[in-house]
Amino acid sequence: MNREITVLVFAKLDERHVAQIQQVDPQVRVAAVNDRQKGIEVAPQAEVMVGWNVPREAVQRAPKLRWIHSTAAGVDQLLYPEILEREIVITTSSGIHQPLVEHVFAMLLALTRRLHVAIRNQTQRRWERSQAMGDEVRGKTIGVLGLGHIGADIAEKAQVFGMRVIGTKRTPASVVGVDRVYPPEGLAEVLRESDFIVVALPLTTETRGLIGERELRTMKPTAILINIGRGPIVQERALTRALQDRKIGGAGLDVFEREPLPADSPLWGMEHVIVTPHVSGTSPGYMDAAVPLLCDNLRRYIDGTPMLNLVDKARGY
Ligand code: GLV
């Protein structure tokens with residue numbers, strides 16, 4: 001039986017991306033909205049919603065909603081009661097986050113090669129070799145917290161740089177390129193041994209506030225923390241203090257407890273900290289990877305076959 005399936009996309013989409021989605025099936029009707037209010041108006045017709053975040057108000061007004069496809073990897077921002085309590089399926093865009101992996105290495109290499117110092121000196125036309133002389137990552141240990149899709153990709157690239165990789169995984173299993181995979185209880189061990197700690201975890205009840213004062217104290221005083229997961233996984237006040245007191249070597253931060261990071265945050269002004277405004281996962285070509293994945297899942301949704309990247313709502317990722 002033919003019916004119309006309205007796919008409401010909370011993003012600005014190119015015509016060709018709209019056409020790509022429309023081509024999945026003649027029943028599909030795409031509404032791409034760049035403004036929240038318009039989305040809320042279309043919501044009552046929507047059976048599918050797509051976006052990094054979907055306004056709660058839109059979900060409240062969408063009795064036909066059956067499926068939300070997130071263009072992000074993390075879905076903590078979607079787990080509000082209306083979605084948890086209703087039979088709404090969530091899928092993610094896990095697997096297309098190459099920019100994020102590159103961002104991790106951009107931060108890691110910049111801090112190691114002391115580009116953060118060289119760039120500051122450059123703005124003042126200062127030739128300071130001793131300040132800008134960097135270390136190398138070869139032979140160093142990187143601890144990846146959360147060896148999921150993204151974590152495993154980070155591990156693979158780290159190996160190419162000659163790094164030793166260890167990490168944690170909720171359901172421990174061997175991961176290619178990882179020297180030792182610890183269960184979450186092995187966190188202290190990973191913190192103790194690593195020269196770089198990368199937070200690649202989803203935000204769940206178990207990971208919220210996971211890295212606090214004690215954990216930061218467990219890290220090497222020279223270690224660098226990189227967070228591209230979610231801000232609230234790291235207790236920001238404890239992190240700020242550890243950085244101020246030089247209890248750790250530095251940080252590369254793309255996510256924060258509060259976003260935008262408030263202008264009065266001391267993190268902005270710290271020389272050994274690189275702040276980026278939650279951009280690690282994206283690039284101009286992001287939708288070129290995200291749309292085919294959405295289309296694949298839309299075909300599966302229509303055919304009733306198993307969908308990719310299904311979220312376990314109780315688990316939170
Ligand atoms: C972005 O933050 C993502 O989860 O992909």
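**Exercise 1.** In which loop is the place of Asp195? Determine also whether Asp195 is buried or exposed.

*Solution.* The structure is a predicted model, in which local features need pLDDT of at least 70 and side-chain atom pairs count only at pLDDT 80 or more, while totals for chains, interfaces and linings use all residues. Residues are numbered from 1 along each chain as its sequence is written, and side-chain values use heavy atoms, with hydrogens and water left out.

Step 1. Asp195 is placed in the loop between α9 (187–193) and β9 (196–199). Helices (H or I, at least four residues) and strands (E, at least two) are DSSP runs, numbered from the N terminus.

Step 2. Asp195 has 13% relative accessibility and therefore counts as buried. The classes are buried (under 20% relative accessible area), exposed (over 50%) and partly exposed (in between), with a 1.4 Å probe and protein chains only.

Step 3. Leaving aside residues up to four places away in sequence, Asp195 touches Lys140, Thr141, Lys220, Thr222, Ala223 and Ile224. Contact means heavy atoms within 4.5 Å.

**Exercise 2.** Characterise the packing of α5 and α8: at what angle do the axes cross, and which residues meet?

*Solution.* Two packed helices are described by the angle between their axes and the distance between the axes.

Step 1. The axes of helix α5 (residues 98–112) and helix α8 (residues 149–160) come within 10 Å and cross at roughly 50°. α5 is therefore oblique to α8. Axes are lines fitted to C-alpha atoms, for helices over the stretch in contact, and angles run from 0 to 180 degrees between N-to-C directions. Angles under 35 degrees count as roughly parallel, over 145 as roughly antiparallel, 65 to 115 as roughly perpendicular and the rest as oblique.

Step 2. The α5 and α8 crossing is right-handed. A crossing is right-handed if the near helix is turned clockwise from the far one by less than a right angle, and left-handed if anticlockwise.

Step 3. From α5, the residues Gln98, Leu100, Val101, Val104 and Phe105 meet Ile150, Asp153, Ile154, Lys157 and Ala158 of α8. The residues of this contact comprise seven nonpolar, one polar and two charged. Here Ala, Val, Leu, Ile, Met, Phe, Trp, Tyr, Cys and Pro count as nonpolar, Asp, Glu, Lys and Arg as charged, and the others, Gly among them, as polar.

**Exercise 3.** Examine the backbone: which residues does a cis peptide bond join, and what is the phi of Arg114?

*Solution.* 

Step 1. Glu259 and Pro260 are joined by a cis peptide bond, with omega about -5°. Pro260 lies in the loop between β11 (250–253) and β12.

Step 2. Arg114, although not a glycine, has a positive phi of about 60°. Arg114 belongs to the loop between α5 and α6 and is partly exposed, with a relative accessible area of 27%.

Step 3. Arg125, also not a glycine, has a positive phi of about 55°. Arg125 is found in the loop between α6 and α7 and counts as exposed at 81% relative accessibility.
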